[in-house]
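Open your viewer and load the model.

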Amino acid sequence: MPKLSCRVLFAALLIASLAALLVRFPIHRLLNPHAAMDPDSELEFEMPGVLRVYKTGRVERFDGTETVPPCPDGDPANGVASKDIVLDPAAGISARLYLPAGVDAGKKLPVVVFFHGGAFMVHTAASPLYHIYAASLAAAVPAVVVSVDYRLAPEHRIPAAYDDAFAALKAVIAACRADGAEAEAEPWLASHGDASRIVLAGDSAGGNMAHNVAIRLRKEGGIEGYGDMVSGVVLLYPYFWGKEPLGAEPTDPGYRAMFDPTWEFICGGKFGLDHPYVNPMASPEELRQLGSRRVLVTTADQCWFVERARAYAEGIKKCGWEGELEFYETKGEAHVFFLPKHGSEKAVKELALVAEFVRRC
């Protein structure tokens, strides 16, 4: 085969490069660089590795999309049975329910109403990490755990998640107080759920939700026939933020630009960075209305929101709230480390702490 001259080889490479350019940028875009882009390729918001949202409204999720089925016959790891239920048919709210092994008929257990994290935008109750945690918690207490599915942003912006969480609490209370013989009664909750020992819990965004449900419970005068207090609130690495840095939070604008736009996006710009939804420490008069007399706050020294958790713990003690606060900080770990490292020594220790707190409620 004859050797190609340098000139011919260069020409061939040039033609190939031009062809690739035309594939990526059509001729009308090259001739008119101000021509409108395809709106389905223009980003409105991106959280790298988590999701992308396009200006057309199309959403691509990369995290929290994997699911696992429930274990109605008991989890091989701990014997905990689980099933998916509809908590509120009218509102379309579902949940995954967990029942410990070996519970005697009619024996009442504390009920943990759990809200998963995921920046209000990803994950479900069926996500593997949350399935493992909820089952582990149910076994450790033991307790009935109700892991709630709620509407996610951006399809449903804040306060949709809060509305679903509050509706879920009301549905759980009603189910626990129902006569087990009623046709529509959820049997696990009716037989084993103790309505007088309900604990709200959640991690990250779910911790934010647990706090806001407890606030709403008391602000709205409670739930008819139940009252305005739950037995306990567990905030695991809660997602709180604010306009101004707290403590040792980085002041670098580039760092804060990773977090400030996220809240604005998930609430559609309706609630500012110092709104009590996301910065309860900015409104101590509202913080004191928390609908529980027992609160556990956990965090880690490398968590993004560690300063917020510390400030929350200090703020609730100073605002006039009357109750017992427990604060626990893990050293050398990051945000919600106990989920991916659920079998580690530190994660097991924290789970035991949460279980003991629920038992005391």
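Buried means under 20% relative accessible area, exposed means over 50%, and partly exposed is what falls in between. Keep that in mind as you go. The model you are looking at is predicted.

**Stop 1: Glu-329**

Select Glu-329. You are in strand β11, which covers residues 324-334. The relative accessible area of Glu-329 is 18%, so this residue counts as buried. Now show its side chain and look for partners. Arg-310 is one of them: a polar contact of 2.7 Å joins the two side chains.

**Stop 2: Glu-356**

Move on to Glu-356. Here you are in helix α11, residues 345-360. Is Glu-356 buried or partly exposed? Its relative accessible area is 33%, so Glu-356 is partly exposed. Show the side chain of Arg-359 as well. The side chains of Glu-356 and Arg-359 make a polar contact of 2.9 Å. Then select Pro-142. Glu-356 and Pro-142 are 214 residues apart in sequence, but their C-alpha atoms are 9.8 Å apart in space.

**Stop 3: Val-144 and Trp-188**

Select Val-144, in strand β7 (residues 144-148). Its relative accessibility is 0%, so Val-144 counts as buried. Along the chain, Val-144 and Trp-188 are 44 residues apart, and 8.1 Å separates their C-alpha atoms. Keep Trp-188 on screen and bring in Lys-83. The charged end of Lys-83 sits over the ring of Trp-188, 4.3 Å from the ring centre.

For another charge over a ring, go to Tyr-54. Arg-58 lies over the face of Tyr-54, at 4.1 Å from the ring centre.

**Stop 4: aromatic pairs**

Now colour Phe, Tyr and Trp. How many aromatic pairs are there? The count comes to 21. Take Phe-114 and Tyr-133. This pair is tilted, with 5.7 Å from centre to centre and 40 degrees between the planes. Phe-114 belongs to strand β6 (residues 109-115) and Tyr-133 to helix α3 (residues 128-140), so the pair links distant parts of the chain, 19 residues apart. Phe-114 has a relative accessible area of 2%, so it is buried. Tyr-133 counts as buried too, at 9%.

Next, select Trp-304 and Phe-305. Their rings are edge-to-face: 6.1 Å centre to centre, with 75 degrees between the planes. Trp-304 is partly exposed, with a relative accessible area of 47%. Phe-305, in contrast, is buried at 5%.

Trp-304 and Phe-305 belong to one aromatic cluster, whose members include Phe-120, Tyr-162, Tyr-239, Trp-241 and Tyr-255.

**Stop 5: two helices**

Hide the side chains and show the cartoon. Select helix α4 (residues 160-177) and helix α6 (residues 205-219). At what angle do they pack? The angle is about 65 degrees, and the axes are 9 Å apart. Helices α4 and α6 are therefore roughly perpendicular to each other. The crossing of α4 and α6 is right-handed.

How values were computed: Residues numbered from 1 in each chain as written. Predicted model: local features only at pLDDT ≥ 70, side-chain atom pairs only at ≥ 80, totals over all residues. Heavy atoms only, no water. Helix = DSSP H or I, 4+ residues; strand = E, 2+ residues; numbered from the N terminus. Buried < 20%, exposed > 50% of the residue type's maximum accessible area, 1.4 Å probe, protein only. Polar contact = N/O pair within 3.5 Å; in protein donor to acceptor, adjacent residues only side chain to side chain. Phe/Tyr/Trp six-rings, centres within 6.5 Å; stacked < 30°, edge-to-face > 60°. Lys NZ or Arg CZ within 6 Å of the ring centre and 35° of its normal. Axes fitted to C-alpha atoms, helices over the stretch in contact; angles between N-to-C directions. Parallel < 35°, antiparallel > 145°, perpendicular 65-115°, else oblique. Left-handed = near helix turned anticlockwise from the far one by under 90°.
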